[in-house]
Amino acid sequence: MDIISQIRTAASNALKEKFQFDLAPADIAVNETKPEFEGDYTVVLFSFVKQLKKSPDALGNELGRALLAANPGLFSGFNVIKGFLNLTVADSRWIDFLRTEYANPAFGRQPSNGKK
């Protein structure tokens, strides 16, 4: 499972557990964090702020704390900027990824489609 899918699943589980709000992982927008902000990936909170009746900052802080508590091996920190939850992926997660993929001789190769 790729990192974005893991973040979506973790966020979906946290929303369900903390707020009793059932949202499919595919419905959670996750982007790479812009270089001028701290973090690796960003969860966009605007799509479910109204349903939860919380301010984007309050929701971001509560969700960020829940994600850190439930996934210490995946996240090492977070910050909230105007409705965007910026997550920092734990160094141990990147190290595990590198160790696993270093041994994979097919890493990064796409299946042949007959074109150059």
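Tutor: A nonpolar core is a set of buried Ala, Val, Leu, Ile, Met, Phe, Trp, Tyr and Cys residues joined through side-chain atoms within 4.5 Å, where buried means under 20% relative accessible area, exposed over 50% and partly exposed in between (1.4 Å probe, protein chains only). This is a predicted model, in which local features need pLDDT of at least 70 and side-chain atom pairs count only at pLDDT 80 or more, while totals for chains, interfaces and linings use all residues. Residues are numbered from 1 along each chain as its sequence is written, and side-chain values use heavy atoms, with hydrogens and water left out.

Student: Which residues have the most contacts inside the largest nonpolar core?

Tutor: They are Ile-7, Leu-15, Val-43, Leu-45, Phe-48, Leu-67 and Leu-85, in a core of 27 residues. At least two residues of this core come from each of H1, E2, helix H2 (46–52), helix H3 (56–70), E3 and E4, and H1 gives the most, with seven. Helices (H or I, at least four residues) and strands (E, at least two) are DSSP runs numbered from the N terminus.

Student: How do you know that the span of helix H1 agrees with its number of residues?

Tutor: The expected span is 1.5 Å times one less than the number of residues, so the 17 residues of H1 (residues 3–19) should span 24 Å, and the end C-alpha atoms are 23 Å apart, which agrees. Within H1, the buried residues are Ile-3, Ile-7, Ala-10, Ala-11, Ser-12, Ala-14, Leu-15 and Phe-19. Leaving aside neighbours within four places in sequence, Leu-15 is in contact (heavy atoms within 4.5 Å) with residues including Phe-21, Ile-28, Phe-48 and Leu-63. Just after H1, Gln-20 takes a positive phi of about 55°.

Student: Why is the pair of Phe-21 and Phe-48 called tilted?

Tutor: Rings of Phe, Tyr and Trp (its six-membered ring) pair if their centres lie within 6.5 Å, and planes under 30 degrees apart count as stacked, over 60 as edge-to-face and the rest as tilted. There are three aromatic pairs by this rule. For Phe-21 and Phe-48 the centres are 6.3 Å apart and the planes stand at 40°, so the pair is tilted. Phe-21 lies in the loop between H1 and E1 and Phe-48 in helix H2, 27 residues apart, and both are buried.

Student: What makes the pair of Phe-46 and Phe-84 edge-to-face?

Tutor: Their ring centres are 5.3 Å apart and their planes are at 85°, so the pair is edge-to-face. This pair joins helix H2, which holds Phe-46, to strand E4, which holds Phe-84, 38 residues apart. With a relative accessible area of 43%, Phe-46 is partly exposed, and Phe-84, at 33%, is partly exposed as well.

Student: Why does Thr-33 count as buried, and why does Lys-82 count as exposed?

Tutor: Thr-33 has 11% relative accessibility and therefore counts as buried, whereas Lys-82 reaches 69% and therefore counts as exposed. Thr-33 sits in the loop between strand E1 (30–32) and strand E2 (41–44), and its side chain makes a polar contact of 2.8 Å with that of Thr-42, the limit for such a pair of N or O atoms being within 3.5 Å. Lys-82 belongs to the loop between strand E3 (75–81) and strand E4 (84–89).

Student: What makes the pair of Glu-62 and Lys-54 a salt bridge?

Tutor: A salt bridge needs a side-chain nitrogen of Lys or Arg within 4 Å of a carboxyl oxygen of Asp or Glu, and the closest N and O atoms of Glu-62 and Lys-54 are 3.3 Å apart. The count by this rule is one salt bridge.

Note on methods
A polar contact is a pair of N or O atoms within 3.5 Å; within protein, one must be able to donate a hydrogen and the other to accept it, and residues adjacent in sequence count only if both atoms are side-chain atoms.
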